[in-house]
Amino acid sequence: PELPKERIDYIIRETQAKVMITEDFLHSPEIKNILKQQSIENPSFIITSQHLAYVIFTSGSTVNPKGVMIEHCSVINTLFSLNTVYDLRAGDKSAAFSNYAFDVSVSEFFCPLFSGAELHLLSNDVRKYPELISAYIQSHKINYLYLPPVLLSLLPKCHYEYLKGIIYAGETCDAATGLYWSNQCALFNYYGPTEASIYAIGKQVIQGDVHLIGKSLNNTTVYILNAHLNPVPIGAVGELYIGGIGLARGYLNAPKLTAEKFIRHPFQKRGYLYKTGDLAKYLPDGNIEYIGRNDFQVKIRGYRLELAEIENHLLSYPEITQAVVLLHSHQANSASHYLA
């Protein structure tokens, strides 16, 4: 909903006031004295690239969440692959939209921090309203940010003098939105399940070609296979499989599920491929076109949802004898999906 200008100004003032209070606290004599008493020696630890960096639940898992184990080498590979997207320099400003429980936040946080750029964490108040996001981009001279397609379609179409690039991911962007923003700044469409360390495939959107998800990231292999795990010809639809250094270790305390989704590499003596459940096809120029799912999983605002699991949960109530859950979209905005 559109907010009155007075309400927008009020929220901006409140947000700025909170930032000032935090800065005053960090620069207070009490905090400075505490920091002076701390050791400046580097802590001693032994970490290899194969150690776990984090465990994160697959986005939107219903009923039975799955913890995905991501190693340091996997997430570092993704972050450094994004250097061509986040062309950040010291002094640039990048805004983080995602909640820390969503794996996209890892790239939003660490890409600017690795490059010495300035990281802005959007508050919950700002994240809710496209008008406030727009005001923040303008007032803080933001250069890069991630936005899900549903919010990108609602972002006010005004001039953003300092905005260089926008990334979207998680679901399809409607053609009109993609065409507009690809003509305003560098717009990037990225694809990747949590099991592939945030992103595995991506490209810059050119003249609104939002139906393409692009080519694989560095050190990432992508295969489109048939039911017999044989590669399909160019232009034929098959299931998307992902391999390479970005692949997760597997699911936490779920060896059976890990063996089901992370299969032995059919074309190499070592390694695994992740079975995405997504249908896609190769185009003659090497780009991949996303087709859809081969099961009842859907994506809404980047979150993966299993319709069958939601139906089963509804059927657990004694008063309900039948349940069907379907994905719908508002006619006025094809990027705005909902369940009914």
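Strand 6 (residues 165–169) and strand 7 run parallel to one another and pair over 5 bridges, where two strands are taken to pair if DSSP finds at least two bridges between them. Helices (H or I, at least four residues) and strands (E, at least two) are DSSP runs, numbered from the N terminus. Within this pairing, Ile-167 has Phe-188 of strand 7 as its bridge partner. Of the 6 residues of strand 7 (residues 186–191), 5 are buried, so this strand is largely enclosed by the rest of the structure; buried means under 20% relative accessible area, exposed means over 50%, and partly exposed lies in between (1.4 Å probe, protein chains only).

The structure is a predicted model, in which local features need pLDDT of at least 70 and side-chain atom pairs count only at pLDDT 80 or more, while totals for chains, interfaces and linings use all residues. Residues are numbered from 1 along each chain as its sequence is written, and side-chain values use heavy atoms, with hydrogens and water left out.

The secondary structure of the chain comprises 10 helices and 19 strands, and buried residues account for 45% of its 340 residues. Among contacts between residues at least 6 apart in sequence, 53% join residues at least 24 apart, a contact being heavy atoms within 4.5 Å.

An open sheet of 3 strands, with the order 1-2-12, is paired in the antiparallel sense. Strand 1 (52–57) and strand 12 (250–251) form its edges, since each of them pairs on one side only. Strand 1 is joined to strand 2 (residues 67–71) by 5 bridges in the antiparallel sense, and here Ile-56 has Val-68 as its bridge partner, while Phe-57 stands opposite Gly-67. On the other pairing, strand 2 and strand 12 are antiparallel over 2 bridges, with Tyr-251 of strand 12 as the bridge partner of Val-68.

In a regular strand the side chains alternate between the two faces of the sheet. In strand 2, Gly-67, Met-69 and Glu-71 point one way and Val-68 and Ile-70 the other way, and all of these residues are buried. Because 5 of the 5 residues of strand 2 are buried, the strand is largely enclosed by the rest of the structure.

Arg-249 lies in the loop between strand 11 (238–244) and strand 12, and Glu-71 in strand 2, so the pair ties together parts that are 178 residues apart in sequence. Glu-71 counts as buried at 14% relative accessibility, whereas Arg-249 counts as partly exposed at 41%. By this rule the count comes to 6 salt bridges, among them that of Arg-89 with Asp-87, whose closest N and O atoms are 2.5 Å apart, and that of Lys-281 with Glu-289, at 3.9 Å.

Helix 3 lies across strand 1 and strand 2 and runs at about 75° to strand 2; axes are lines fitted to C-alpha atoms, for helices over the stretch in contact, and angles run from 0 to 180 degrees between N-to-C directions. Since 7 of the 10 residues of helix 3 are buried, the helix is largely enclosed by the rest of the structure. The cover over its buried residues includes strand 1, strand 2, helix 4 and strand 10 (220–225).

Phe-80 is located in helix 3 and is partly exposed, with a relative accessible area of 49%. Together with Ile-76, Phe-110, Leu-113 and Phe-114, Phe-80 forms a nonpolar patch on the surface, with about 470 Å² of accessible area in total. Patches are made of residues with over 30% relative accessible area and no salt bridge, like charges being joined within 9 Å and nonpolar side chains (Val, Leu, Ile, Met, Phe, Trp, Tyr) within 5 Å. Helix 3 (72–81) and helix 4 (104–115) each supply at least two residues of the nonpolar patch, and helix 4 gives the most, with 3 residues.

Helix 4 also contains Ser-105, which is buried, with a relative accessible area of 1%. Not counting residues up to four places away in sequence, Ser-105 touches Ser-98, Asn-99 and Tyr-100. Ser-105 and Tyr-146 are 41 residues apart in sequence, and their C-alpha atoms are 9.1 Å apart in space.

Note on methods:
Areas by Shrake-Rupley, 256 points an atom, 1.4 Å probe, with all protein chains shown as cover. Salt bridge = Lys/Arg side-chain N within 4 Å of Asp/Glu carboxyl O.
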